Each structure stands twice: as C-alpha cells, then as structure tokens.
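Please open the structure in your viewer and keep the selection tool at hand.

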Amino acid sequence: MRKNSKVTQREHTSEHVTESVADLLAHEAPLDYKNSSLNVGGVPGKKIVLEPPENDGRPAWNSKLQYILAQVGFSVGLGNVWRFPYLCQKNGGGAYLVPYFILLILIGVPLFFLELAVGQKIRRGSIGVWNYVCPLLGGIGVSSLMVCGFVGLYYNVIIGWSIFYFFQSFQYPLPWAECPIRRNGSLAIVEPECEKSSATTYFWYRQTLNTTSTIADSGGLNVKMTLSLLVAWIIVCLAVIRGIASSGKVMYFSSLFPYVVLFCFLVRGLLLKGAVDGIAHMFTPKLEKMLEPQVWREAATQVFFALGLGFGGVIAFSSYNKIDNNCHFDAVLVSFINFFTSILATLVVFAVLGFKANLMNEKCVMENGEKILGYLNSNVLSHDLIPPHVNFSQLSTVDYAEIYAVIKTVKEGSFAELSLDPCVLEDELNKSVQGTGLAFIAFTEAMTHFPASPFWSVMFFFMLINLGLGSMIGTMTGITTPVLDTYKVQKELFTVCCCIIAFFCGLLFVQRSGNYFVTMFDDYSAGLPLTIVVILENVSVAWIYGTKRFMQDLEDMLGFRPHAFYFYMWKYVSPCCLIVLITATVIEMAISPPGYNAWVEELAQERFQSYPPWALAMCFSLIVVAMLPLPVVFIARYFNLMSDGSNKLSVSYRKNMMKDISNLEEVDEARSILGKNPGETPSPKPPSQWYVSIPTGGYAMLNMQYVLV
C-alpha cells in the first residue's frame, strides 16, 4: 500500500474518528457496494448516492395491521383492567382522567413516538439502538433487557394464575361460589376461615395459593401453581419461538379477543341491577383531588407503564418495520387505543362492581334488619321507633336508612352496643380494590351471581390470559431481539433456553409464599429503574444526539417534518416531567415503609407486615442490579475498556457488509470509485463521513461519503 494513500495517512494520524461502522445502522439496510448506484463523475459539489438493497435479510411484519396489533397487544395489558380503574376510583373518579390525559400528551405520546422512531430508523433492538445513539450510554439497552427479565419472571406467574382459574371455571356451580363444608362425624360446619372472610377470598388464598402467613415461611412448592406456570411458559415459548413470524400471527387473536370479551361484559354489566350506580360513582368527578400532587404522580406512573416505555419491546417491534413507515401515526394511534381501552375496562369493572355493591348492601340490610327484629322481640328496642309502613320481610335500603337514623337518634348513648351497620351503598362503592384482589376476588364474586356464571368466568379468564400473553410476547421480544441482533445465536434455541431458565427462576413465585415475592418484584424491579432508563433515552436523543439532528432524520425517514411540538417536548418538557417523577418516586419509597400485605389465617384477613432484613436487601438488590449496567458500561467505554458496540453487527448486516468490502485493499481503488485521481489533494472532511473497517491489510479505515436516495 502506498505511503501517501489516504488509508495509510489515517493509520498514522491522531485525528479522532468520530463515526464508525455503527453509523451504517442508521440507514434502512447495510452497504452493498456491488449493487449501489454511485455518482462516479467526480463533479465537485455533487453528492454520491447509495441505494440500499431491497432486503437486508431482517425479518419484517407481514402487514401494517399485524404490527399495530402487536404494539397494542404489548401496551394494553392487565394493568388496563385492574390498575387503571382502581386509580380512577381512588383519585377522584372522572377528575382523574384530566391529569391522566394531560400527561399522556406531555409524556406518553412524545416518548412513545421517540422509541418507535429510533427502533425503525436504526433497525435494531434496544442494545444496538443505544450503542449507536450514544455508546457511553449503551447500558440503557442492557438495563432495559434486565428489567424485561425481572418483569417477565413474575408477569407469567399471573398468567399461570389465570390459567388455573380458567380450567376451574368449567364447573357448575363455580368452585368459589360457596364456602366448603368441614365434616366431623355427623357434624357439618362451614370452614371457619372461609366464614370469617368470603368464599372467593378463601378460594384465592387457601385453595389457589395456599399461602403462608409470612414471606419468611416458604411452605414449599405449590404443585398446582407450578404446573400452571409450566403451561404458561410453554404457551409463551410457542408464541415467540419463530420471532415475529409466529408472534405476529398470535397477535391477531390475543390482541382482538379481549375487546370482544370487554364489549360482551359491558353489555351484560349494564343489564345488571346497580350497574348504573357503579358507573355514576366512577365518573362523578371530585375536582378537589386534582390539586393533590399524589394524583399527578400516580397518573404519570400509569401513563408511563401503560405504554410499555423503557422495556425495549416497543423498539424491538418497530425495528422490523420498513424505513419509511409512518411511525408518528402509529404512536398517536396506539396511545389513544390504549387510553380508550382503559376507559372501556373501567366502565366494565364498575358496572360489575356496582352490581356487587348492591348485592352486598342488600345483604347488609337483611342482616341488620334481622338484628333489629331480634331487639324488638326482646324489648331492647320499642316498637314505637319503627315507622308503621315498614315491612321487615321486604325491607328496602330506604326504609332501613330511615329506621337506622331514628334508632341512632333515640339510643344515642347506647347505640354502639347494638352493633348496627349503616349499610350505605356509597361505602361499598368506595372500597378500593386493585390488582389480584380485583380480578381473583371481587370480580369472581360478582360473576357467581351471573346467570350462566361458568360461561362468563371462562370468558373473563381467557381474556386475562390473552391480555397477559400480548404483553409477554412484547417483553420476550425486548429480550431476544437485542441479543439476536448483537450475537450470532440460533433464534429457536435461544428462545427455548430463555423460557427454560425463566421457568426455573420462576419457581420462586410458586412457593406457598410466592405471592409476596410477586408483590416485591412488582414494586421494586421495574418502577425506578425504568423511569431512569426512559429519561436517559430522552436525554441521549434530545441533548446528545441532538433534537434538530433527530428531527432531520425523521423528516428524511417519514417524508415530512414532525410538528415543532415534539421538539419542545423532547428537549424540555418530557425530561422535566420525568425528573419530577423520579424525585417523587424516590420520596415515596423513602416515606412509605417497605412491606407487604400478608394473609393471616387465624384472622382470615390481610395484615401489613414489614420486610425482614434479608427481604429488604433483596428489594434494593433488584433496583441496583437493574440499573448497574448504566454506570458499568459508561465507565468501561469512557476509559476504553470496552468497544463502543460498533462491531456488534447483526448477522445479516455482517454477512452483507463483509461480502461486499472484503476485496477492497487499496485506497486508490476507493478513490477511483469516487472519481478521484490518486494524486489529487483530499477534499475537506464532509459533514457526514463513515469509516468502514477493511478486514484485510490491518485496521485501515476507508473514508466514503454517500447519501441515501
């Protein structure tokens, strides 16, 4: 190689190489020099054009609908059914929708658009994307992968619980409809633990989980739940084993079927007695709640997790899109589908809970009416206190309220001794139920009163399985896609190995105390780490890569420039909102004592218990392990202890690139392609140069400038 060649000069110069092979990933496809259409005229000022090959070997969605359903299936999950309605009830009913919608616009849509755009532009999973955008912050992708792993472990346990209930629903009457009878010889008594609580509560804690009273007492494996977890992992493995070729087809059913069930439940729920009371209670706004910071914090957190930001699944799915796909439309569409799904689920939940509240209130009136009748017969109360129109055989809630008010006024001094309950419908509706308590206790109890209750129970738990499966496919894709893009491993084998390892790690959650570990992972493994991951994603694009540069990339990719609204959201508003959210989350964790609600068998009710020291250490270890890649990768790359990831090309990229440049050894050959004479003075460095490593003849760098058509 000649000494005055440009490649040789670069070997001996100290000039900092700012761009590398990783930059190739910013385009739709890798370089293909043989099939390229280049401007070889050498006319000064004209651009060299490189047309990307039609197919770079990366899998692609069969249709736009399949892709949208995959994103909807990932973002719409169990939280829409049992978390959003609870927050809406807790934080002011209809008033909660105002801060939620505002934060959806300020945080949700812009950051969702950002993740879709970087995945589609760079066409890699989370690790490759953030290695390209900012190598020093390449740990973002690894942290996303770690969080996906933690969440996938316990999320599939919930699918396992739903599978167990699904198969138990093929019975009439439903097994949780009545308390079991304990027989002692000729004596038959109701199970005391069930009698103190309720039939559905007893079935959940005792016959399903068979839970222990503390997290310290593991109680051994729960065989029924272990088998259910195994079935759940087999289903997930079969759904994702062939990548988007299989998971995309699964999404047609798993994403659409829950909407069919929700609409069926809504119609059925509206026909139930008391359903209107539940919905009216739900959407009666308590405007004073909007002034509480806690409401805004919980709304921001729900927006954040509802869209699946930071998990890597959004980036992974969008990386299989065509480069010119309108991801802005996708971001707005999926965000609002998610929002309206939450509203639909809330209507369904409170129609059913309104029906349940009326049943409980009528039961309360009947029981207390019998107490009053007993007091009248024993002369504890005078018959003069009872209005003449009252009929105790058909005591209405209005009549009972009137009697209760009279007795309370007359017997003011000894009223407490009568142990009468007020039986107010509003009190029943105000009982906050969330998470597993909503799905496996409150909802199941309401369904026992439905005509054809097994049918509705089968439909409900089949819906939960599909909602969970859609989210699990996205979570698993957030794990497999970055690894498959970075390392040359067999997709099917890697997926199977992941599922096997996850199943054995998930045995922690199917012990008799496993429910408490599910709560621990839900509280600590995702919240704070994901929030930090997303703010670093935002900062790396808006402040390091550059918002103007990113907007220009979007214009080149989409064919139009996104509205300036996104510029200001990414640059200023979203980072500020996320910083406030992180601060509020840390303060909340510091103020709230770390603990869990344990089921106390003797009392037949839940009691809050603090974590023992080893469990507390485990809680904070989850946070540390999830965030550890961030500083480790930063330090390693800052001190050049680790490559910047530019050599971690996907198999298809590496195959095409190495094939096309393996014979380029002399820089003069490159110059002839560019239309330069060997003795010609090199032109000044253009705005965008990409240095491609030549595998033969040492570590020379080939300087090539081109622009995608």
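Begin by selecting Arg-206, which counts as buried at 12% relative accessibility. The model is a predicted one. Arg-206 belongs to helix α9 (residues 199-208), whereas Glu-601 sits in the loop between β4 (595-600) and β5 (605-610), so the pair ties together parts that are 395 residues apart in sequence. Glu-601 is partly exposed, at 39% relative accessibility.

Next, select Glu-555 and Arg-561, which form a salt bridge with 3.0 Å between the closest N and O atoms. Glu-555 is partly exposed, with a relative accessible area of 30%, and Arg-561 is partly exposed as well, at 42%.

Continue to Lys-64 and Asp-330, whose side chains meet in a salt bridge at 3.1 Å, N to O. This pair links distant parts of the chain, since Lys-64 lies in helix α2 (residues 64-75) and Asp-330 in helix α15 (residues 327-377), 266 residues apart. Which of the two is buried? Asp-330 is buried, at 0% relative accessibility, while Lys-64 is partly exposed at 35%. The model has 6 salt bridges in total.

Finally, select residues 181-184 and 187-190, which are strands β2 and β3; they pair in the antiparallel sense over 4 bridges. The bridge partner of Arg-182 is Ile-189 in β3. Between the strands of this hairpin are 2 residues, and Gly-185 takes a positive phi near 70°.

Terms used: Residues are numbered from 1 along each chain as its sequence is written. This is a predicted model: local features need pLDDT of at least 70, side-chain atom pairs count only at pLDDT 80 or more; totals for chains, interfaces and linings use all residues. Side-chain values use heavy atoms; hydrogens and water are left out. Two strands pair if DSSP finds at least two bridges between them. A salt bridge is a side-chain nitrogen of Lys or Arg within 4 Å of a carboxyl oxygen of Asp or Glu. Buried means under 20% relative accessible area, exposed over 50%, partly exposed in between (1.4 Å probe, protein chains only).
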